[in-house]
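This report describes the fold and some local features of one protein chain. The sequence and structure are shown first.

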Amino acid sequence: MNRGEFLTILEEYGNVTSTRSIEHFALGTPKSLDGSWKDYLENSSLEEVIALITDDKIGASVPDSLKSLKFRLKALEYSRKCVRTPVELWNGWTGENREYGLDSKFKLITSTNGLIRKRIKAKKQHEIDRIVELISQIQMFFREKSEPIDSLVDIGAGVGHLSRMISLKNGLNVMAVEGNQQFTLAANSLDEQLVQKTAAKMRHFSSDLNFEKSPLRSTNFVTEELASKIDDFAENRAILVGLHCCGDFSSTILKVFQKSEKAKALVLLGCCYHKQFQCFHFLHPDGFNLETASLDSTSPPSCSVFPLSQKWMGFELSYILREIACHNNENLESRFQKTDISRFARAHLEKWIREISDNPEDWNLGLCSVKCEDEKTTFEDYIRRAMAKRGRYLIERVLEKIPSPTLSLYVSSLSRSLFDQCEVIRLLFAPSVESAILDDRCEFLRENGIESRIVPLFEPTVSPRNLAIIAYKK
Ligand SMILES: C[S@@+](CC[C@H](N)C(=O)[O-])C[C@H]1O[C@@H](n2cnc3c(N)ncnc32)[C@H](O)[C@@H]1O
């Protein structure tokens, strides 16, 4: 990824990317936007603005600067179009063309048996099917080098569906580590219920499933020290897998992989890039600022999610930008339709809070969530419920300030604002910010002599965090 171009774009469009949409609205967003963008947003429906992101053909009314921005961002993004066959998958992660020894289609492993599939949602089934194929390919790759893999460690294993299936399917010794004890207990119980019951039934059928062993499960908060446990567990070589490991948990896994001698391959999919658990250090949602982003590559980064690599050292992504990276731009129309309409009330309320208070802490109050119903919930109902616990000291002042005709409006009627249009414009940046985060992770591995590629492993409409880092040590 072209770091210089990415930084230039963020600097040029900091007014759009560094502010939450609600704040944009509260501050009178259109004023802070380029005049031609403002005209375009005011004169376009939400569907038309969404089409700017989703369609290849751009409407004639889209301002040139917005068109150009779309193409500049596109050039920075990793493709999210998912691999369609095992052959494409192999080519994607090895960089080599090959057809022999690979199936023509992905197998739907989890559909082979009702009991195994039980309690696994369609999204997870899709992810498991793809990962099991990928693990088989990695096993084949190392077998052909006469360096067979014997073990696999699933890090952040949740309730264990993936590790259970790999244990059944890939003939590896599987260790699963999870920080939440409830999940480990649930996983153990599912191992017993599903696998053993299924095993009894399946003995009568010829099956390529291995019921001999269940994964070895433990509850541990993973730190870099996991590397030595992996080296104790594996006989010779292990694959590490992390499926949807939030924020800096992914950073830890990358370091575990780098440190472990026996870990030879890694499959890592991140999510929730804004979250930092290791240091419980949540950054203030302040905007990107090149001046404050020191370009001195010796100063340690204050964020444990990004950057990790020398390539990106000296540049930090704010909390807000990392949060944008967690959005996907598939199914936008239906997502905006389904989103709770309370967002409009929240945006309007924030505008009024700013009228009565100069304190930024009041502007970002964590309000109670309120379910708003079409043509039923009024703005006043919303305010009373939303501020009932967290903004009680402000509530009477806000209610006094807002004219009564406005208070009696239905929340659904407040939607006639540019709020959603502005949010869509912010989402235009989402794939490039995610790409920068993944690029940094890959570069970190490459700088440590590890082969690393990014492959769109899942269908993004099924599993939106679909870009896998697939890495191996030569
Ligand atoms: C988004 S969930 C994914 C679970 C599972 N991999 C899946 O895809 O269904 C992330 C999991 O990582 C666990 N986790 C997060 N940080 C962790 C840490 N430092 N050590 C161990 N587990 C952690 C969480 O408890 C959670 O179960």
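## The sheet

Seven strands form an open sheet with mixed pairing, in the order β3-β2-β1-β4-β5-β7-β6. Two strands are taken to pair if DSSP finds at least two bridges between them. Strands β3 (216-219) and β6 (451-456) are the edges, each pairing on one side only. From one strand to the next, the twist averages 15 degrees. Strands β1 (residues 151-155) and β2 (residues 173-178) run parallel and are joined by five bridges. The bridge partner of I155 in β2 is V177.

Helix α8 (residues 86-94) packs on the sheet, where it touches β6 and β7 (467-472), and its direction makes about 145 degrees with that of β6. Helix α13 (residues 226-233) lies across β1, β2, β4 (238-246) and β5 (263-271), and runs at about 150 degrees to β1. Contact between two residues requires that their C-beta atoms, placed from the backbone, lie within 7 Å. Axes are lines fitted to C-alpha atoms, for helices over the stretch in contact, and angles run from 0 to 180 degrees between N-to-C directions.

## Model and overall content

The model is predicted: local features need pLDDT of at least 70 and side-chain atom pairs count only at pLDDT 80 or more, while totals for chains, interfaces and linings use all residues. Residue numbers start from 1 along each chain as its sequence is written.

The protein has 23 helices and seven strands. These elements are DSSP runs numbered from the N terminus, with helices (H or I) of at least four residues and strands (E) of at least two. Of the 474 residues in the protein, 40% are buried. Buried means that 20 or more other C-beta atoms lie within 10 Å of the residue's own, exposed means 12 or fewer, and partly exposed is in between, with C-beta atoms placed from the backbone. Among contacts in the protein with a separation of 6 or more, 74% are between residues 24 or more positions apart.

## Helix packing

Two packed helices are described by the angle between their axes and the distance between the axes. Helix α17 (residues 342-356) packs with helix α19 (residues 379-386) at an angle of about 80 degrees, and their axes are 10 Å apart. The angle makes α17 roughly perpendicular to α19. The angle classes are roughly parallel (under 35 degrees), roughly antiparallel (over 145), roughly perpendicular (65 to 115) and oblique (the rest).

On the α17 side the contact is made by S342, A345, H348 and L349, and on the α19 side by F379, Y382, I383 and A386. By class, the contact of α17 with α19 has six nonpolar residues, two polar residues and no charged residues. Ala, Val, Leu, Ile, Met, Phe, Trp, Tyr, Cys and Pro count as nonpolar, Asp, Glu, Lys and Arg as charged, and the others, Gly among them, as polar.

## Helix α23

Helix α23 (residues 430-447) has 18 residues and spans 26 Å from its first C-alpha to its last, close to the 26 Å expected at 1.5 Å a residue. The expected span is 1.5 Å times one less than the number of residues in the helix. Of the 18 residues of α23, 16 are buried. Just after α23, G449 has a positive phi of about 75 degrees.

## Backbone exceptions

Most residues other than glycine have a negative phi, and most peptide bonds are trans. H244, in strand β4, has a positive phi near 60 degrees. H244 is partly exposed, with 18 other C-beta atoms within 10 Å. N331, in the loop between α15 and α16 (332-338), has a positive phi near 55 degrees. N331 is also partly exposed, with 14 other C-beta atoms within 10 Å.

The peptide bond from F306 to P307 is cis, with omega near -5 degrees. P307 lies in the loop between β5 and α15.

## Two residues in context

L216 lies in strand β3. L216 is partly exposed, with 15 other C-beta atoms within 10 Å. Not counting residues up to four places away in sequence, L216 touches V174 and M175. L216 and S167 are 49 residues apart in sequence, and their C-alpha atoms are 9.8 Å apart in space.

E316 is placed in the loop between β5 and α15 (319-324). E316 is buried, with 21 other C-beta atoms within 10 Å. E316 and V305 are 11 residues apart in sequence and 9.5 Å apart in space, C-alpha to C-alpha.
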